[in-house]
Amino acid sequence: VETALGAHPDVLRAAVVVEGATGGERRLVGFVVPSRTPGPDAAALRRFLRERLPEYQIPAQFVALDRLPLNEHGKVDRAAL
């Protein structure tokens, strides 16, 4: 999912996490760093992903960030998202 989201021409970096309580309803949340301002809106990202992924893999929500948080090893800090 991250690879498909990161392939959007207006997305510089992307991360996707599963959000939701254990035993509760879970959903995917996509975090994007746009390559330009303004970045793509959620509808444009969904249209793009529908051409590449099954519906259940499309994030329910998208959040635009200036940068993705990184841990001390330079990897995306998913807990900080």
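User: Which residue in S2 is the bridge partner of valine 16?

Analyst: Strands of a sheet pair through backbone hydrogen bonds, either parallel or antiparallel. In this predicted model, the residue of S2 that bridges to valine 16 is glycine 30. S1 and S2 run in the antiparallel sense and are joined over eight bridges.

User: In what order do the three strands form the open sheet, and where do S1 and S3 stand?

Analyst: The order is S1-S2-S3, with mixed pairing. S1 and S3 are at the edges with a single partner strand each, so one side of each is left without a neighbour in the sheet. From one strand to the next, the twist averages 25°. Helix H2 packs on this sheet, where it touches S1, S2 and S3, and its direction makes about 120° with that of S3.

User: Which residues of H2 are buried, and what covers them?

Analyst: In H2, which spans residues 42-50, the buried residues are Ala44, Leu45, Phe48 and Leu49. Seen down the helix axis, these buried residues fall within an arc of 130°, so they line one face of H2. Their cover includes helix H1 (2-6) as well as strands S1 (11-19), S2 (27-34) and S3 (61-64).

User: Is histidine 8 buried or exposed?

Analyst: Buried means under 20% relative accessible area, and histidine 8 counts as buried because its relative accessibility is 8%. Histidine 8 lies in the loop between H1 and S1, and its side chain reaches the backbone nitrogen of aspartate 10 at 2.9 Å. Leaving aside residues up to four places away in sequence, histidine 8 touches Pro40, Ala44, Leu45 and Phe48.

Terms used
Residues are numbered from 1 along each chain as its sequence is written. This is a predicted model: local features need pLDDT of at least 70, side-chain atom pairs count only at pLDDT 80 or more; totals for chains, interfaces and linings use all residues. Side-chain values use heavy atoms; hydrogens and water are left out. Buried means under 20% relative accessible area, exposed over 50%, partly exposed in between (1.4 Å probe, protein chains only). Helices (H or I, at least four residues) and strands (E, at least two) are DSSP runs, numbered from the N terminus. The arc is that of the directions from the helix axis to the C-beta atoms. Contact means heavy atoms within 4.5 Å. Two strands pair if DSSP finds at least two bridges between them. Axes are lines fitted to C-alpha atoms, for helices over the stretch in contact, and angles run from 0 to 180 degrees between N-to-C directions. A polar contact is a pair of N or O atoms within 3.5 Å; within protein, one must be able to donate a hydrogen and the other to accept it, and residues adjacent in sequence count only if both atoms are side-chain atoms.
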